[in-house]
Amino acid sequence: MSPEELLEKLVAIPSLSRQEAPIAEFVAGLAESWGYQVHRHLNNVWFEAGQGSPRLLMLCHLDTVAPCEGWQGDPFQPTWNEGHLTGLGANDAKGSVACMLSAAHTLASEKLEGTVVFTFSAEEEVGGESGLNKLLPMLGPLDAALVGEPTNLQPCISQRGMLVLACTARGQSAHVAHAFLAKNAIHKASQDINKLSSMVFESHSLLGATRPQVTTVQGGVGRNQVPDTCEFFVDLRTTPNLDHEELAERIARELESEVKIHSSRYKPKSTDAFAPIAQATLAVATGKTFVGSATTSDWAFLGDIPTVKVGPGDTLRSHRPNEFITAKELQAGAAFYPQVARQYFALVRKETPLGR
């Protein structure tokens, strides 16, 4: 089955986050038909090609976001037009799933100099607790990873994280007619929001600077009452040179509002450009250069495992109406992943001293 045919079947199976059971069944059945011993936990699927060390994880997610407004056709009906396949998840990230499955089919009959752990996770789009977080301990030791996301097959070795701060401005309430007795919490919050709008934190070589964004504001209980509290949330897409806890403390020192960390588990990630997996990916990605990624992914949960995020398609098409990927991109991706695995194993064997 070609990657184009694979993708058609994948797109035709709706797999919104937490509803991935049908597509997990399809992927598991396909891998079993190729002779793999397939493992399943909830809506996550994994299986191994080869044996021994090093162990390379090939990871991609099965779920999609819900279709947005603006689709010109059925988002769940894959449609080819002039070499473009349009459908929900075609680009993010079922194109990468199709290419990794094609790689699994290619490598099933090869004698590999290591192990490829093919893993297809659930709930990536919602950061769910039943996805990679639960699955990772079951996969065994891992030496490196490829995360399938649309990067135009450019090797991404840095990825932004996400820090969300919950801020509360406190004042004193009174009747609006007697405002001189009050302290307006919304006014206090607005001063802090203005401060945040001008903050810029240290730049990263591949990702640039980090700027806080206020995303929601809520305050007041009545139109004739001076508000005594105002709450607002701040979203920072962080870079690997910034520590979440230190960054929260720096911001708290600048604001009058109370500042608490609401979420910090999506840590920014980075892989050394000279790590074997980075060099292997760059060697196969002819004419490409290392890049950074503004979006987060399951890479955030892989700890210190050297990782490259790379896959067919373009991140700018993701989460938009009429999402598509091209046949040319799919064919390139299907050839790309097996070559990276072979190159990585060869590099590790070359660097490993005899007798180790």
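Select the lining of the largest pocket: its residues divide into eight nonpolar (Ala, Val, Leu, Ile, Met, Phe, Trp, Tyr, Cys and Pro), 13 polar and seven charged (Asp, Glu, Lys and Arg), with the others, Gly among them, counted as polar. This is a predicted model, in which local features need pLDDT of at least 70, side-chain atom pairs count only at pLDDT 80 or more, and totals for chains, interfaces and linings use all residues. Residues are numbered from 1 along each chain as its sequence is written, and side-chain values use heavy atoms, without hydrogens and water.

A pocket is an open set of points on a 1 Å grid over the protein atoms alone, where a 1.4 Å probe fits, with protein on both sides within 12 Å along at least five of seven lines; lining residues have an atom within 4 Å of a point. Next, display Ser293, Thr295, Thr296, Lys309 and Thr315, which are the closest to the centre among the 28 lining residues. Strand β18 (residues 291-293) gives the most to this lining, with three residues; strands are DSSP runs of E, at least two residues, and helices are runs of H or I, at least four, numbered from the N terminus.

Now turn to the open sheet of four strands, ordered β13-β15-β9-β16 with antiparallel pairing; two strands pair if DSSP finds at least two bridges between them. β13 (213-219) and β16 (258-266) stand at the edges with a single partner strand each, so one side of each has no neighbour in the sheet.

Then select β9 (residues 162-170) and β15 (residues 229-236), which pair in the antiparallel sense over eight bridges. Here Arg170 stands opposite Thr229 in β15.
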